[in-house]
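Subject: Structure for you to look at

Hello,

Here is the structure you were expecting, with my notes below it. Please open it alongside the text.

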Amino acid sequence: MRRWFLPALLAAQAISPACAADQKVLGTEDAHAHAQAHATKPESAAQTDIGPSEHHAWNPYQNGWELVSEAMVELRKIRTPTHRRSKKQTGVFTALFQYALKALPTLRATAAPGHEHAQPVITGPLLDGVKLLQQAADQNNTDAIYLLGQFNFYGNYSHPRNFKVAFDHYYRLASQYGNSSAQYMVGLMYATGIGDAVERDQAKALLYHTFAADQGHTRSEMTVAARHMNGIGVPKNCETACKYYKRVADKAMTWFRSGPPGGMTIVSQAYRLSDEVGGVYGEGASVVSAGINALKASPNSDAYASIEDVIEYLDLMSQKGDFKASFNLGRLYYEGQRGLDRNVDLARRYFLSVTTKYWRPKDGRTVDGAKPQLEKVAVKAAGYIGRIALRGEGGGESAGPNYKDAQKWFGRGVKHGDAQSQWGLGIMNLYGYGVKKNVGKAFEYFKAAADQDYSLAHVALGALYLDQGQPDDLKVASSYFDAAARWYNLEAQYYLAEMIHHGVGRDKTCGAAMQYYKNVAERSEPVVSSWTEANQAFEDGDLELAFLNYVMAAEQGYEKAQNNVAFLLDPTHTVFSLPSWLKRQVAKPRLLQNSALALIYWTRSAIQSNIDSLVKMGDYYLSGIGTEVALDKAAQCYTGASEYFQSAQALYNLGWMHENGVGLTQDFHLAKRYYDQALETNEEAYLPVSLSLMKLRLRSAWNTFTNGRINSIQDEPAQKKDWSLREWIQNFLQDDERFYEDPYEEYYDETITGSDGEPMGDELDGDLDGLFESFLILSLVGSIMFLMWYRNQRQQAHRQAQENAARQQHAAPLPPQNGILPGGQQQQQPPFPPMVDPHFPQWGAGGVGH
């Protein structure tokens, strides 16, 4: 018996993280058992609670533990197939071909609805393992009960999902043994009613989540906090929400600071599925891809390129000697992103390819004849290489921090003013990593990096000032944390939350503290959420498993997860649908046919300021999807989305409601106004708005011709006004400025700013330009008037001279006697002598009479 006791014990320890009552994390001494758990349980990271600083030894001495061990041996024989869908975007012709295939008639026979999804029959090792677990569960083995619940909820190892059976197992474990993970699952199923296992009951959901949260279950703590913040099943309570968010943020920060210098690396996995297709309503019709948001992706940009295409292009340019492409590749691989795993070794290789172009590998001297701008890029690459050495990243599991190498690369960067290198040397001097501890020197390095707006240096300086504890120091610390929070620094947000929550150096405000704690908790995705598992399931094509994991994140208050759940459940993706006998599309699983739940999550997403979700709420109330028809609520949703956020879709819908008198007073004039505003908001709505306006004008004309009671379209006459010359010039200048101004100029960030952050010289230059233009126009008008007057005088003088010369040649007139002409008429003297008169210069000089 001793021969199999030790293997059985190790196998039992391998499943303990998912089955133990408190769901703790394995310690470092159980690395081998943890690897076995990953090999046998694909849900180990997604369906268990994670507590960063907790460890609970598993007690194998409960009834049926031998059966659980044997069951795990059988389950290890199952090889779970792994397949991933390609993320590469298809081309235009490929997309057209796919749509053509979907449009081809299949003329398929449809089976009865009850037989479309027959339950699979389990056989082989899975059947044997389940039987052993059932026998252990009959002996009240808590691990077996929990595993059976997981199998029926998630469908592990291709086990058929049965949510009612899963609920029974969870409920038994939660009520009889007080298992916090089981209480969390019971609360989740009461909150959502998944699989129709139980009826939705928000009060019971809150009760079970509170039980689990009081035992330290992280996801239940976030769920309770989100419910108290938004008033879901309970009145809003900022203090309670802040308390639970603080618990999660404390755990997250403990985990974050347990990493190497600079904290753990977090690659955000949260995103909206709808954003991949241009938004809930599609490209150009959704708020996220229309209007000002459409500027983010021009036809020549790489916004729609897959990460594989970007990597391939940058690698090609790097091979051609483009050092900027090499540096960008290094950053991509070092920081990682959704769809691209971190590869520190490859990142370091790319960084070294940049630095060797500027520094000689042997002696570290600068290479002669370096390319322009190479110095700036090479210095940044040196900072990253030093950071990798300081943190001990890459090089396999045996690698560790290399302080000597870090100091060498940081030193090169500091000589050229690199902010990251300055921060790195500051950290080394602050904690004595490879050098003698010197807080003063560290402060100088941090100050130099902070002057370049480096967020990590802001946090380090803020922490140093915070430790002083004096009022003036607290103000300085708060300003540094604010500066770092602008760059979404996790630790800075946590410091601000703590200062505001305790009223240290900041005003004590519950709402602000709660929001900072919430940001810290939600951004610590590896600790608290199931985003990674949800995205992986969606990429693998398992929509049901993706839906279950998104629901968990949605209940924790993630707006993007709430939007994803509603998007997966939404039955109205397209307006124009093909008949069923022409469709090649596979019908939605029954689990994803829940319009009422979709409306719930559209509502929660809209509460967190998602505009498209608010418009979707209006669509559901307008059409009675998942609820009864409520035209007044639909109008309220559309009005809110249009007035405050300028959604073109909401404006168009309001115009349609006014045109047809659905939920609003039938008014053709107001309908036209809303249609016009929709077009002003989104120019891509030109075709539907133009067609609607054409139809509206026809209806309005017929209403006017038949003397109908509906308010027809009325052209509002513009009031005419007689402008003075000054008003005319001012209006001309205003129209000219409006014609040449850029409607998106406020979104450009290319102005030169001063030390206070304000643009330099913009207001003064604008005033001077206006004065100069006005003076120039008035000068031109005056010059033209003077030239016209002078030209007229010259013409009159020339004509008079010609007449006098003609008279002197043809006739000698008698000289007048005392101003009397020969005919007895008195001669009329002109007011001033003509220009040909010899006395004209004296008159012009003021010498009249001399």
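Predicted model: local features only at pLDDT ≥ 70, side-chain atom pairs only at ≥ 80, totals over all residues.

I will start with one pair of residues. The side chains of K518 and E522 form a salt bridge, with N and O 2.7 Å apart. Both residues belong to helix α22, which spans residues 510–523, and they sit 4 residues apart, about one turn of the helix. K518 has a relative accessible area of 5%, so it counts as buried. E522 is buried as well, because its relative accessibility is 13%.

The mean pLDDT of the chain is 81, and 74% of the residues reach 70 or more. Residues 1–58 have pLDDT below 50, although the model gives this stretch 102 contacts beyond near neighbours in sequence. Another such stretch is residues 106–117, where pLDDT stays under 50 and the model has 10 contacts beyond four places in sequence.

Back to the charged pairs. Side chains of opposite charge can pair when their charged atoms come close. Over the whole structure, the search finds 28 salt bridges. Among them is the one between K246 and D250, whose closest N and O atoms are 3.4 Å apart. This pair lies in helix α11 (residues 238–257), and its two members are 4 residues apart, about one turn of the helix. How do the two partners stand in terms of burial? K246 has 17% relative accessibility, under the 20% limit, and therefore counts as buried. D250 is at 27%, so it counts as partly exposed. A further salt bridge links E74 and K77, at 3.3 Å from N to O. E74 counts as buried because its relative accessibility is 18%.

The largest nonpolar core holds 151 residues, and F153, Y170, Y245, F446, F547 and Y550 have the most contacts inside it. Which helix gives this core its largest share? That is α11, with 10 residues, and α11 is also the helix that holds K246 and D250. F547 touches V565, L568, L569, L591, L592 and L597, leaving aside residues up to four places away in sequence.

Y686, L687, L691, M694 and L698 make a nonpolar surface patch of about 600 Å². M694 lies in helix α32, residues 686–705. With 53% relative accessibility, over the 50% limit, M694 therefore counts as exposed.

Finally, some totals for the chain. It has 35 helices and 0 strands. Of its 850 residues, 42% count as buried. The accessible surface comes to about 48,000 Å², and carbon and sulfur atoms account for 54% of that. Taking contacts between residues at least 6 apart in sequence, 59% join residues at least 24 apart.

Regards

Technical notes. Residues numbered from 1 in each chain as written. Heavy atoms only, no water. Salt bridge = Lys/Arg side-chain N within 4 Å of Asp/Glu carboxyl O. Buried < 20%, exposed > 50% of the residue type's maximum accessible area, 1.4 Å probe, protein only. Core = buried A, V, L, I, M, F, W, Y, C linked by side-chain atoms within 4.5 Å. Contact = heavy atoms within 4.5 Å. Patch = residues over 30% accessible without salt bridge, like charges linked within 9 Å, V, L, I, M, F, W, Y side chains within 5 Å. Areas by Shrake-Rupley, 256 points an atom, 1.4 Å probe, with all protein chains shown as cover. pLDDT = per-residue confidence, 0-100.
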